[in-house]
Amino acid sequence: MEYTFDESDNAVRVRQMSRLISRIRYRQFGIMITTSYVDGQAYKEVVEDGHPILIVTASDIAGILRNNAIDSSNIDDWLRTIDHSINRLEAYYHRLNEYLRN
């Protein structure tokens with residue numbers, strides 16, 4: 001997984017995308033998350049070459065927040081519920097791994 005935290009005018013370019021592509025192993029996929037956008041050439045190469053990469057951009061993040069009615073008045077509560085869900089999932093996998101080891 002790669003992520004960038006950029007100003008809105010700083011696109012993810014081919015170089016950053018190539019770094020992610022080079023790290024993907026057989027039967028794995030990549031995730032590119034950016035608070036900006038992906039340059040057209042970088043996106044074109046991912047699509048044309050069929051790389052298994054999920055791309056999440058600023059507009060995707062905004063859409064997720066909008067679709068869940070998240071705004072500045074309730075984002076802290078929403079993030080806490082996500083943290084709680086992730087902690088429960090991690091605890092479940094930890095218990096499962098312990099069970100499988102025994």
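Modeller: H4 is the element that gives the most to the lining of the largest pocket, with 4 residues; helices (H or I, at least four residues) and strands (E, at least two) are DSSP runs, numbered from the N terminus. This is a predicted model, in which local features need pLDDT of at least 70 and side-chain atom pairs count only at pLDDT 80 or more, while totals for chains, interfaces and linings use all residues. Residues are numbered from 1 along each chain as its sequence is written, and side-chain values use heavy atoms, with hydrogens and water left out.

Biologist: Which residues line the largest pocket?

Modeller: Rolling a probe the size of a water molecule over the atoms shows where empty space is left. On a 1 Å grid over the protein atoms alone, a pocket is an open set of points where a 1.4 Å probe fits, with protein on both sides within 12 Å along at least five of seven lines, and lining residues have an atom within 4 Å of a point. Here the lining consists of Ile-61, Ile-64, Leu-65, Trp-78, Leu-79, Ile-82 and Asp-83, and the elements giving two or more residues to it are helix H3 (58-67) and helix H4 (75-101).

Biologist: What is in contact with Asp-39, leaving aside its neighbours within four places in sequence?

Modeller: Contact means heavy atoms within 4.5 Å. Asp-39, found in the loop between strand S2 (30-34) and H2, is in contact with Ala-11, Val-12 and Arg-13 when those neighbours are left aside, and its side chain reaches the backbone nitrogen of Gln-41 at 3.0 Å.

Conventions: A polar contact is a pair of N or O atoms within 3.5 Å; within protein, one must be able to donate a hydrogen and the other to accept it, and residues adjacent in sequence count only if both atoms are side-chain atoms.
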